[in-house]
Amino acid sequence: MFQHLFAEMNKVLQEIVTDYPTAEGARRNELLCNYNMLHRLSDKVMDEWLAFAEKLSHFRESVDFTTVVEEDMPEQEAPELCMDTFVRGQGYYKLLMYGKCIEQFKEVIAQYPDSLAARLYLAISYLQEGDGEAAWSHLNHMLGLIRETKLKAMVYNALGCIRASQERFNEAQELFGLSLQLDPALPEPTVNLEVCRRRGGKLHFGNQLVSLL
């Protein structure tokens with residue numbers, strides 16, 4: 001729903017980031033206007049979203065869904081998905097506000113420490129913030145909870161990427177090897193092993209893992 005809007009916003013922002021340091025005169029003023037426009041739009045989106053989240057929360061608190069759940073819906077397997085903090089965290093993630101997202105999901109795992117979804121949101125958000133060790137702790141915690149082989153392989157690959165980015169290539173190679181043992185068809189670990197061998201290159205974190213969010 002928001003992908004098109006944020007794709008356009010990111011495109012304009014990237015143009016500003018690239019051109020502004022060397023821009024002069026009219027071009028510099030144009031980029032500055034675009035920056036101010038993005039800032040106003042970001043504030044507007046945030047205000048509208050927070051108002052919506054608050055209204056949604058009030059409605060949830062005022063209505064008894066128990067009968068509906070018992071009669072018409074399957075049993076809820078992940079109760080944390082109904083937490084206001086979880087919903088807010090998802091919203092902050094979609095708005096690329098990773099710091100705020102982390103704050104929300106820290107509250108979620110304080111109540112549900114084995115929530116795979118919350119741990120994954122935290123791991124990816126920490127990676128976006130450049131904190132590999134914090135991301136590592138949440139991905140590593142997930143390994144003890146995951147039963148699905150392909151997902152575990154993707155997490156091992158992600159852990160390998162963290163170690164490779166820290167130039168701990170021997171550890172990274174072991175992790176990529178574990179990933180391939182679990183899912184030999186997963187393409188990213190093979191590419192990443194070559195990065196380790198050459199001690200450089202672009203690591204492939206895995207879009208499939210991020211797409212789960």
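Leaving aside its neighbours within four places in sequence, which residues is Val-155 in contact with? In this predicted model, the partners of Val-155 are Leu-139, Met-142, Leu-143, Ile-146 and Leu-209.

Val-155 belongs to the largest nonpolar core, a set of 45 residues. Together with Phe-86, Phe-105, Leu-139, Leu-159 and Leu-209, Val-155 is among the residues that touch the most other members. Several helices supply two or more residues to this core, namely α1 (3–19), α2 (25–62), α4 (84–94), α5 (98–111), α6 (116–128), α7 (132–143) and α8 (149–165). Of these, α8 gives the largest share, with eight residues. There is also a second, separate core of six residues, including Cys-161, Ala-164, Ala-172 and Cys-196.

Now let us turn to charge. Side chains of opposite charge can pair when their charged atoms come close. Nine salt bridges are counted here. One of them joins Arg-163 to Glu-133, with the closest N and O atoms 2.9 Å apart. Arg-163 is in helix α8 and Glu-133 in helix α7, so this pair ties together parts 30 residues apart in sequence. Arg-163 is buried, at 5% relative accessibility, while Glu-133 is partly exposed at 39%.

Arg-197 is exposed, at 55%, whereas Arg-198 is partly exposed, at 49%. Elsewhere, salt bridges with shared partners link Glu-15, Asp-19, Arg-27 and Glu-30 into one network.

Technical notes. Residues are numbered from 1 along each chain as its sequence is written. This is a predicted model: local features need pLDDT of at least 70, side-chain atom pairs count only at pLDDT 80 or more; totals for chains, interfaces and linings use all residues. Side-chain values use heavy atoms; hydrogens and water are left out. A nonpolar core is a set of buried Ala, Val, Leu, Ile, Met, Phe, Trp, Tyr and Cys residues joined through side-chain atoms within 4.5 Å. Buried means under 20% relative accessible area, exposed over 50%, partly exposed in between (1.4 Å probe, protein chains only). Helices (H or I, at least four residues) and strands (E, at least two) are DSSP runs, numbered from the N terminus. Contact means heavy atoms within 4.5 Å. A salt bridge is a side-chain nitrogen of Lys or Arg within 4 Å of a carboxyl oxygen of Asp or Glu.
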